[in-house]
Amino acid sequence: MACFIVPAVEAAVVTASYIAVKKREKKVEAVKLSTGHDFDNNENKITWSKRLSWLLAMLWGGVLLLAFEHFWHGEIVPFPPFLAAMSSPEDTAEMLHEMSTVGVLMAVFVTAAWGIVCAAVQMKVNSIKKQLTAKNED
């Protein structure tokens, strides 16, 4: 019914975080360039803004697909109250239960999958750095 609302709220919060992190990263980069500090080779890493962009893509993509599916099935309507489940108190209670179970679980699983992807990518980056360091020492 409205399970996509919970990941949508998470996506909105992550979007705000992404904007703040991106702004902070640009400031740090600008300060380094203005003070003449050269970038170290160790700074070739995946930034937090890049990682958050992956989470944003996963969350917003899922939200849009679920919203379309709910619209297709008539659970979202183009007139107030916009959610068909809000037409009666019993349906509203069922909708809130679905949001608190299915919606929360979806948000948790998407975030966990993103965490696994970030960990795997970091392990690969560390592996490549070790290989490059070993080649440079030879």
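In which helix does Ser49 lie? Select Ser49 and you will find that this residue lies in helix H2; bear in mind throughout that the model is a predicted one. With a relative accessible area of 3%, Ser49 is buried, because buried means under 20%. Next, show the side chain of Glu25 as well, which is joined to that of Ser49 by a polar contact of 2.6 Å. If neighbours within four places in sequence are set aside, Ser49 is in contact with Tyr18, Val21 and Lys22 as well as Glu25.

Now widen the selection to helix H1, residues 5-34, together with helix H2, residues 48-72, whose axes come within 9 Å and cross at roughly 155 degrees. An angle over 145 degrees counts as roughly antiparallel, so H1 is described in that way relative to H2. The crossing of the two helices is left-handed. Colour the residues that make this contact, among them Ala11, Val14, Tyr18 and Glu25 of H1, and Trp48, Ser49, Leu52, Leu56 and Trp60 of H2. By type, the residues of the contact of H1 with H2 divide into 14 nonpolar, 4 polar and 3 charged.

Finally, select Ser53, which also belongs to the contact and lies in helix H2. Ser53 counts as partly exposed, at 23% relative accessibility. A polar atom of the Ser53 side chain lies 2.5 Å from the backbone oxygen of Lys50. To end the tour, draw a distance between the C-alpha atoms of Ser53 and Pro89, which are 36 residues apart along the chain and separated by 38 Å.

Methods
Residues numbered from 1 in each chain as written. Predicted model: local features only at pLDDT ≥ 70, side-chain atom pairs only at ≥ 80, totals over all residues. Heavy atoms only, no water. Axes fitted to C-alpha atoms, helices over the stretch in contact; angles between N-to-C directions. Helix = DSSP H or I, 4+ residues; strand = E, 2+ residues; numbered from the N terminus. Parallel < 35°, antiparallel > 145°, perpendicular 65-115°, else oblique. Left-handed = near helix turned anticlockwise from the far one by under 90°. Contact = heavy atoms within 4.5 Å. Nonpolar A, V, L, I, M, F, W, Y, C, P; charged D, E, K, R; others polar. Buried < 20%, exposed > 50% of the residue type's maximum accessible area, 1.4 Å probe, protein only. Polar contact = N/O pair within 3.5 Å; in protein donor to acceptor, adjacent residues only side chain to side chain.
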